[in-house]
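Here are some notes to read alongside the model, written as numbered points.

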Amino acid sequence: MIGLAHYLVLSSLLFGLGLFGVLTRRNAVAILMGIELMLNAANVNFVAFTRFVDPTFVRGHIAALVVITLAACEAVVGLALVINAYRHLETVNVDQVDLLKG
Amino acid sequence: MNAEALAFYTLAAMVLAGGGLVVLSRNLVHAAVSLVPTLLGVAGLYVLLHAEFVTAIQILIYVGAITVLILFVILLTEGATGLRVRQRNEQVPLAFVVCGALVLLLWGVLLRVPWGPPAGPMPAYNPGAVGRSFLLPYVLAFEVISLVILASLVGAIVIARREE
Amino acid sequence: MGVGGLFGALWQVELVRMVVLAAVVFTFLAVGGPLFLVLAERKISAWIQARVGPKHVGPHGLLQTVADTLKLLYKENIAPYRADVVLFSVAPILVAVAALLDWVVIPFAPGWVVRDLNVGVVYFAAVSSLTVIGILAGGWASNNKYSLLGGLRSAAQMVSYELPLGFSLILVATITGSLSTVRIVEAQPYPAYLYPSVVVAAVVFLVAATAEANRIPFDLPEAEAELVAGYFSEYTPMRFALFQLGEYGSLLASSALFTTLFLGGWKGPFQLPGAGPVVNGLVWFVLKTYAVVFFLMWVRWTYPRFRIDQLLGLSWKVLLPVSMVNLLVAGLLMVVVR
């Protein structure tokens, strides 16, 4: 029987993977992908808790939908920043974007 | 092993394998395309958890929009050159230790709690329940989110616009 | 519980039923989709341009597509030099599978739907948006600048046309109070005072669906004059055929969804004499779907291609505001009438 613990273990692994990506990648877009993985891990938790702990009001689903919307906003703004940085500095590696004046 | 366990382990393998490729692949386009199985696997988990509406939104927004956007930007900024430059910084060992410690810490906590079986049945009509919750008790969250969307829309256009 | 709870009490029976239905639907697609539609496209284009069209293989050229498919099967699969072989091979499969998955929620006749999901129309929009990843990946993996440009154009186009399409779906969902395709068919005809809104939504849907299917006047991703053939110029026989399968499959699926949302699905203007509800529904559904397909082909062979800025401008500056205002008006009307 698959219980809550299975989902929590899976989501913690996914979160760890995402964090690893954020910490080790140089490319800004790749860092963004790591953040998406971490957000997804959190969402799995929200939906799993809704199912196993608090199913009558779908509060966790609401939280998950809010997170998905925020993820979309964050991706849009982040990618706009990446495009802008690339236009000025011709690189998207975060360790090379070190100018205060563009 | 019953059908649910089989489905869960298949999806878990899909999510973790895809996620591993996203984080480790040296080719950025491969990493971005690997997001697709990962996010679809998460959508599959939502199906197992009786969250049909979240599943559909996950596929629509994450797979259909965010991944496409990421892929788009990678193709614009890297083209076919993603392979040549070094993709990882010097923090790999440190990051490995940190992430490993974090995951072990989380396991140490969550495996000690005696989680019970499902606490009750889900509401019958899922999208309707979500919609009602959004517009009755959580209307403030709903409005704030729409404001955030508007702000990020305007912000993204202003930032990405080419200056004349 | 779990998967069992997902499919109802007797989930084994349900699973067998679903597999059989899926097989029936996919067979219908393989025959009614590419095999028939390619022939229909060629015959209709010939008719519009006062030509004869395929004539030699079989009676009136009926077997032309079969012959073409056999030819494609005989040819060698070639990947270009320094192409990304894995992505190059996976991309066409992704496109074809996404087009076939659309059909899970299309109701053919009363009770004849593979799976009546309670999020049906959102599912349709979600699955059809998977196509663009296949196109983008295929364009990049070909290691050809024209393919890459075609892929990028396709991504820009599909992402911007998803929004008006989504607003049309939201309007229908608001009127019927349901996202399930079966309930939407059952709720039709819509109340008369909403007809103007529904007509506007239908037109927006049709334009957006044509753009999503990459067809003229919106076929910029594969514009042959500027991009050779866009994202699939490097593809050889069967993989190319898979892209075609995806394109015609999604064309047919969009027409079927249009029929479901706006033309009453399986409901006909009158009951066919001597036919049961299923046969009656199937006949009307197929007739309406192919009427929409014919209309789209007619448009394709009549109008020239848009320019890329006109195309994106049409979506963001015309279709999106129109559908937003339309949704607002329909909502106000519904509140007032109630």
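1. Gly268(C) sits between helix H11 (237-262) and helix H12 (277-300) of chain C; helices here are DSSP runs of H or I with at least four residues, strands are runs of E with at least two, and both are numbered from the N terminus. Gly268(C) is partly exposed, because 16 other C-beta atoms lie within 10 Å. On this scale, with C-beta atoms placed from the backbone, 20 or more others within 10 Å make a residue buried, 12 or fewer make it exposed, and anything in between is partly exposed. Leaving out residues up to four places away in sequence, Gly268(C) touches Asn280(C) and Trp284(C); contact means that the C-beta atoms, placed from the backbone, lie within 7 Å. Gly268(C) and Trp284(C) are 16 residues apart in sequence, with 5.6 Å between their C-alpha atoms.

2. A word on how to read all this. The model is predicted, so local features need pLDDT of at least 70 and side-chain atom pairs count only at pLDDT 80 or more, while totals for chains, interfaces and linings use all residues. Residues are numbered from 1 along each chain as its sequence is written, and chains are lettered from A and ligands numbered from 1 in the order in which they are written.

3. Chain C as a whole has 13 helices and zero strands. Of its 338 residues, 45% count as buried. Among contacts in chain C with a separation of 6 or more, 79% are between residues 24 or more positions apart.

4. Two backbone details in chain C deserve a look. The peptide bond between Gln188(C) and Pro189(C) is cis, with omega about 0°, and Pro189(C) belongs to the loop between helix H8 (181-187) and helix H9 (195-212) of chain C. Ala50(C) has a positive phi of about 55° although it is not a glycine. The loop that holds Ala50(C) runs between helix H2 (11-48) and helix H3 (64-74) of chain C. For context, most residues other than glycine have a negative phi, and most peptide bonds are trans.

5. Is Ala50(C) buried or exposed? Ala50(C) is exposed, because it has 6 other C-beta atoms within 10 Å. His50(B) counts as buried, because it has 23 C-beta neighbours inside 10 Å.

6. Now for the other two chains. Chain B comes to six helices and zero strands, and 40% of its 164 residues are buried. Chain A has three helices and zero strands. The radius of gyration of chain A is 17 Å, well over the 13 Å that the globule rule gives for 102 residues, so chain A is more spread out than a compact globule. That radius is taken over C-alpha atoms, and the rule is 2.2 Å times the number of residues to the power 0.38. Along the principal axes, the C-alpha atoms of chain A fill a box of roughly 55 × 25 × 15 Å. Buried residues make up 51% of chain A.

7. Where chains B and A meet, 73 residues of chain B are in contact with 63 residues of chain A. H3(B) gives the most to the side of chain B that touches chain A, with 14 residues. That side has 57 nonpolar, 13 polar and three charged residues. Here Ala, Val, Leu, Ile, Met, Phe, Trp, Tyr, Cys and Pro count as nonpolar, Asp, Glu, Lys and Arg as charged, and the others, Gly among them, as polar.

8. Finally, the core. Which residues touch the most other members of the largest nonpolar core? They are Val29(A), Met33(A), Ala32(B) and Ile70(B), in a core of 168 residues. Such a core is a set of buried Ala, Val, Leu, Ile, Met, Phe, Trp, Tyr and Cys residues joined through C-beta atoms within 7 Å. H3(B) gives the most to this core, with 19 residues. Leaving aside neighbours within four places in sequence, Met33(A) is in contact with Gly21(A), Val22(B), Ala31(B), Ala32(B), Leu35(B) and Ile70(B).

Notes: Contact = placed C-beta atoms within 7 Å.
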